[in-house]
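Dear colleague,

Please find the structure below, together with a short account of what was found in it. I would be grateful if you read the text with the structure open beside you.

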Amino acid sequence: MTKRGSFRGELEAFIFRTITGLFGPLYRIGLELRILCIRQKIRNRGSIDISLSSQRTESSETKATNEFRVVIISDTHCHHRHAGTLPHGDLLIHCGDVLLRSHEDIGAGEALKDFNAWLGEQSHPHKIVIAGNHDHYLQEMGVSAVRRNLTNAIYLENELWTSPAGLTVYGTPYSVTNGGNSPNIAFQPQDEQAALDTVNSIPKCDILVTHGPPLGKGDDGTRGIFGCEHLERRVRSIVQPALHCYGHVHQSFGHAIEGRTTFVNASVMDILYAPTQPTVLFTLAKVDKCWVGK
Ligand SMILES: [Zn+2]
Ligand SMILES: [Zn+2]
């Protein structure tokens with residue numbers, strides 16, 4: 001997984017803690033100012049292709065008929081419009097944290113409405129969205145109401161979706177708690193048994209979308225390790241997807257490959273909640289009735 005230099009990471013974490021801890025109400029103003037200052041960097045954030053054959057010589061616009069191109073983003077925290085125009089693909093996946101701080105989000109309804117409108121502007125024939133621990137607003141709405149609001153996406157909450165081509169995608173807003181250190185605990189099981197029940201209901205599928213990472217892959221936060229050991233075990237022993245994507249730990253953006261699974265932390269936001277990290281592309285192909293990373 002990609003990591004920041006340790007000194008810079010520690011310094012940024014210190015600044016982040018200072019801003020959020022001492023100047024709570026000014027937090028958003030600080031974010032907006034930073035976004036303004038680095039707007040050119042945000043505009044140029046682009047995308048990276050992590051497909052196993054991303055070095056192939058054919059044009060990125062051409063593809064074999066049995067290919068399925070996935071565009072992955074996560075943790076846009078109300079700044080989805082800073083994600084710009086996304087690269088085209090067969091499926092767009094958003095791995096949760098659509099909103100920022102739902103308890104304080106007076107404008108959460110408006111933000112969700114705009115997020116849905118923005119999804120409608122994207123060209124992908126299929127779009128999947130899950131929630132994250134910042135999406136209390138969605139948790140309080142309930143699944144049916146979320147679906148009535150997110151008309152331009154397939155909203156998955158511990159459910160499986162199958163594409164017309166037979167590719168299966170399971171989505172869950174699951175992430176582990178931060179030991180009581182964060183007020184953002186939407187969809188986080190509050191005891192070990194509830195966590196196990198959620199993780200153990202994840203079925204075998206081609207693409208797994210969770211909000212939080214499994215232990216040891218894209219889970220290294222400046223304030224601790226946020227990966228789940230139960231999820232790691234379940235993915236390795238039962239689910240075995242071609243692609244497991246998530247976000248949640250902003251500073252652990254990157255990817256890793258283990259066995260037949262490519263793991264992706266696709267957080268758009270960096271540690272300071274500025275949308276500077278690129279969109280991720282990944283290609284699957286159907287080989288002998290089986291979807292594999294290509
Ligand atoms: Zn986040
Ligand atoms: Zn999160």
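**Strand pairing and a helix contact**

In strand 13, Thr261 is the bridge partner of Glu258. This model is predicted. Strand 13 covers residues 261–265 and runs antiparallel to strand 12, to which five bridges join it.

Parallel pairing occurs elsewhere. Strand 3 (residues 91–94) pairs with strand 4 (residues 126–129) in the parallel sense over four bridges, and Leu91 has His126 in strand 4 as its bridge partner. Strand 4 also runs parallel to strand 5 (residues 154–155), with two bridges joining them; here Ile128 stands opposite Ile154.

Turning to the helices, the axes of helix 7 (residues 192–200) and helix 8 (residues 229–239) come within 10 Å and cross at roughly 20°. Angles under 35 degrees count as roughly parallel, and helix 7 and helix 8 are therefore roughly parallel to each other. The crossing of helix 7 past helix 8 is right-handed. In this contact, Ala195, Leu196, Val199 and Asn200 of helix 7 meet His230, Leu231 and Arg234 of helix 8. Four of the contact residues are nonpolar, two are polar and one is charged.

With kind regards

Note on methods: Residues numbered from 1 in each chain as written. Chains lettered and ligands numbered in written order. Predicted model: local features only at pLDDT ≥ 70, side-chain atom pairs only at ≥ 80, totals over all residues. Axes fitted to C-alpha atoms, helices over the stretch in contact; angles between N-to-C directions. Parallel < 35°, antiparallel > 145°, perpendicular 65-115°, else oblique. Left-handed = near helix turned anticlockwise from the far one by under 90°. Contact = placed C-beta atoms within 7 Å. Nonpolar A, V, L, I, M, F, W, Y, C, P; charged D, E, K, R; others polar. Pairing = 2+ DSSP bridges.
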